[in-house]
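Good morning. Please have a look at the sequence and the model before I start.

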Amino acid sequence: MPSFDRRQFLALTSSAAAGSLYVTGPSAQASPMPEVDLGERPQQDPKVVVLNPHGRVPVSFIIDDSTCLVNMGYFCLPQFKEAWPNRKNGAYDKPWKTWPREIPDSFVREFGEFCNEHGVKGKYSIVPYPACVGWLDRSLPGWSRRDLRASLDLVRKLMLPNWDIHPEMISHTRVIDIKSGRPLPQNADGSYWMENGGWCASRSRDEIANYIAYALQLIKNLDLPCEGFTTPGGFGNPAKQHLSKGGLQAIRSVLGAEVPHYFKYVVTNIAHSTQPQVEAARGISGDAAECIVNIPSCTGDYLGTWDGASPNPTAETVEAHVSADFQSGRLVDVIRKGEPACFLTHWPGMYANGTGIAFNTFKETVKRLNAGFKDRIRWMKLTEIARYWAAKELTEITLRDDIVHLGAPFATKGFTIEIPRTRPALTLRQSGTAHRLTRAESVRELRPGTWVPSGDAEAKRAIVCFDLEKGETTIAPT
Ligand SMILES: [Zn+2]
């Protein structure tokens with residue numbers, strides 16, 4: 001199946017910018033989600049349907065190419081230019097020398113405070129050896145130790161509660177020899193191995209896993225919690241199966257996360273699902289189940305070029321994602337479809353060399369989303385989405401004598417299911433204790449421990465919300 005990486009997508013959108021800003025790719029194109037081994041699946045009675053968490057559509061904001069202080073636009077451009085001198089569309093022929101080399105912490109603060117105020121959650125990359133400028137767990141030449149420490153502290157205090165931290169491999173530019181810590185030497189033909197290029201093509205799963213593990217270890221050295229990774233552009237394109245299983249292997253061994261996840265794919269065609277893909281599931285009926293969750297974005301970099309050189313115009317961009325009447329736009333379409341709406345930018349693109357244009361666009365998008373869909377969406381981190389989807393896909397669901405039996409390999413908050421309703425009340429039993437569920441006024445009032453009748457009275461169905469525990473749960477009519 002054709003691969004479709006983010007940089008290709010960006011090339012497509014920016015070359016088409018003069019016409020329609022938001023090209024969604026040829027409609028006949030196959031879904032960009034990879035055909036990899038999904039592993040085991042349990043029995044799930046079709047009369048029980050797992051819905052969205054708390055009955056709301058998950059929304060998440062994905063930020064790539066962020067790190068501490070280093071402006072990846074400024075430092076990556078010349079390295080990409082050297083690696084791919086003939087890249088079309090002038091992608092790397094830009095006046096990078098005139099750009100700021102730093103994205104200041106004052107901007108991180110402004111951004112983080114806005115997000116906290118508006119409930120935004122998502123993923124924030126920390127590239128651990130950004131563009132080979134310096135090692136965040138050692139020193140960052142060009143900035144003092146104190147600057148680096150303060151920058152990491154800001155991420156810990158301001159960003160951590162609502163953002164997952166991912167490495168985006170090691171440098172996001174040159175592939176590093178993980179034995180020596182030095183970039184691989186130039187190839188005989190004059191080319192370079194770049195992380196966002198095709199290095200993975202002839203690598204074994206272990207080699208790819210070890211490379212990812214090295215990046216994860218650098219994040220662990222920074223004392224930042226981490227349960228997943230982001231691929232720099234095309235990293236892993238030629239080895240999607242190895243990326244999935246190697247990623248699982250790396251995250252489990254370095255970080256010990258129970259439900260690992262990763263971000264790589266962009267799905268922009270409304271005909272394709274934006275639901276996360278639960279991959280490589282194993283041991284789901286035992287007590288040491290494993291899987292990795294592949295969470296796609298439903299947009300390319302919607303704020304403009306990744307490097308910050310050309311931010312998209314604010315009014316038009318907001319309208320194309322959430323229209324003023326809340327009736328159209330890419331995010332509206334996905335939310336109405338009831339599928340997760342994760343959307344994407346790159347940190348240099350958000351900073352846009354200090355112009356404030358992209359940040360404004362983002363702020364207006366968030367305000368509109370919250371104004372139009374406040375009680376229909378739920379801002380979530382990728383870890384929360386990953387855990388929910390692992391539970392949704394891998395929980396065994398059977399129906400016997402009107403009693404719903406769940407066998408869950410993973411716990412998750414706000415598990416929401418639609419079930420047949422045969423009596424006026426419902427009792428939930430978990431870990432040997434039983435309690436009667438409270439009837440809520442409407443789906444919008446659903447909280448864990450509550451239920452509402454679903455649809456019209458004739459349908460005799462109920463929507464039930466509760467915190468799912470690992471192991472056995474039953475819901476019985478009473
Ligand atoms: Zn990136």
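Predicted model: local features only at pLDDT ≥ 70, side-chain atom pairs only at ≥ 80, totals over all residues.

Residues are numbered from 1 along each chain as its sequence is written.

First, the core. A nonpolar core is a set of buried Ala, Val, Leu, Ile, Met, Phe, Trp, Tyr and Cys residues joined through C-beta atoms within 7 Å. Buried means 20 or more other C-beta atoms within 10 Å of the residue's own, with C-beta atoms placed from the backbone. The largest such core has 131 residues, and Ala-390 and Val-464 have the most contacts inside it. Helix H5, residues 205–221, gives the most to this core, with 10 residues. Helices here are DSSP runs of H or I with at least four residues, strands are E runs of at least two, and both are numbered from the N terminus.

Next, helix H8, residues 330–337. Its buried residues are Arg-330, Leu-331, Val-332, Val-334 and Ile-335. They pack against strands S2 (57–64), S9 (341–346) and S10 (377–379), and against H7 and H10; contact means C-beta atoms, placed from the backbone, within 7 Å. Just after H8, Gly-338 has a positive phi of about 80°.

Last, how do H7 and H10 cross? The axes of H7 (residues 314–321) and H10 (residues 357–373) come within 9 Å and cross at roughly 35°. Axes are lines fitted to C-alpha atoms, for helices over the stretch in contact, with angles from 0 to 180 degrees between N-to-C directions.

How values were computed: Buried ≥ 20, exposed ≤ 12 C-beta atoms within 10 Å, placed from the backbone. Contact = placed C-beta atoms within 7 Å.
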